[in-house]
Amino acid sequence: MEFFCYHRDRPGSLPLREELGEAHWAYMDRYEAELIARGPTFADDGETPTGSVHIVDLPDAAAARAFAFDEPNYQAGAYRDVLVRRWRNLLGRTMWEFPGGRTGGKRYLVLGLGPGDGADLDVPGARQDELIAYGPLLSDDGAVWVGTAALVRAADAGAARAVLTPERYAAIEVHDWEFGGRR
């Protein structure tokens, strides 16, 4: 089962994150084979971390919660909250298989959240070559759509937001994002 995890930083937690950098890396190394995508999000300055995205394939919701909440930065209080949702990998690949590679162009996390009927349940054909990861956010049992999460290469935040149908969501968030993992 695939899960989307987004740890959002607590204000002022950068020194703690820096202190725990190696512990975070070592923890993620244990999940290398299960990771579909990963990487930090940033504030508008493009340098200050605001969160950490992990899309991971794990046996069940309990394993996903353990993955999210046993993470060293979370345990130390660096994060203010964590979003953990079932997710479906509509591209069928990992971020490392993205044809555009790790570099070149701006990268974004786009989160569309909202109640109602599912929206954007198919991969947008016109943007397929810019999508790094794409899929619906689902309830724990996978039966109810609660949003959409995408990692996308785009010219700017507005172009990234356009990957989703705005009127179908209660809110859409766009965050600067970059490929994570050891280099």
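A salt bridge is a side-chain nitrogen of Lys or Arg within 4 Å of a carboxyl oxygen of Asp or Glu. The views below come from a predicted model.

**View 1. Arg-86, a buried residue without a salt bridge.** Arg-86 belongs to strand 4, which covers residues 79-87. The nearest side chain of opposite charge is that of Asp-141, 6.1 Å away. The side chain of Arg-86 does reach the backbone oxygen of Asp-140, at 3.0 Å. Leaving aside residues up to four places away in sequence, Arg-86 touches Met-1, Glu-2 and Phe-3, and also Pro-136, Leu-137, Leu-138, Ser-139, Asp-140, Asp-141 and Gly-142.

**View 2. Glu-2, buried and likewise without a salt bridge.** Glu-2 is part of strand 1, residues 2-9. Arg-88 has the nearest side chain of opposite charge, and the separation is 6.2 Å. A polar atom of the Glu-2 side chain lies 2.9 Å from the backbone nitrogen of Asn-89. Among the residues that Glu-2 touches, not counting those up to four places away in sequence, are Ile-36, Val-56, Asp-57, Trp-87 and Arg-88. Arg-86, the residue of View 1, is also one of the contacts of Glu-2.

View 3. At least two lining residues come from each of helix 1 (14-19), helix 2 (21-29), strand 2 (35-42) and strand 3 (49-57). Strand 2 gives the most, with four residues.

**View 4. Met-28 in helix 2.** Met-28 counts as buried because its relative accessibility is 0%, and the cut-off for buried is under 20%. Gly-180 is 152 residues from Met-28 in sequence, while the two C-alpha atoms are 10 Å apart in space.

**View 5. Asp-120 in the loop between strand 5 and strand 6.** Strand 5 covers residues 106-113 and strand 6 covers residues 131-138. Phi of Asp-120 is near 50°, a positive value in a residue other than glycine. Asp-120 has a relative accessibility of 17% and therefore counts as buried.

How values were computed: Residues are numbered from 1 along each chain as its sequence is written. This is a predicted model: local features need pLDDT of at least 70, side-chain atom pairs count only at pLDDT 80 or more; totals for chains, interfaces and linings use all residues. Side-chain values use heavy atoms; hydrogens and water are left out. Buried means under 20% relative accessible area, exposed over 50%, partly exposed in between (1.4 Å probe, protein chains only). Lys and Arg count as positive and Asp and Glu as negative; His and the chain ends are not counted. A polar contact is a pair of N or O atoms within 3.5 Å; within protein, one must be able to donate a hydrogen and the other to accept it, and residues adjacent in sequence count only if both atoms are side-chain atoms. Contact means heavy atoms within 4.5 Å.
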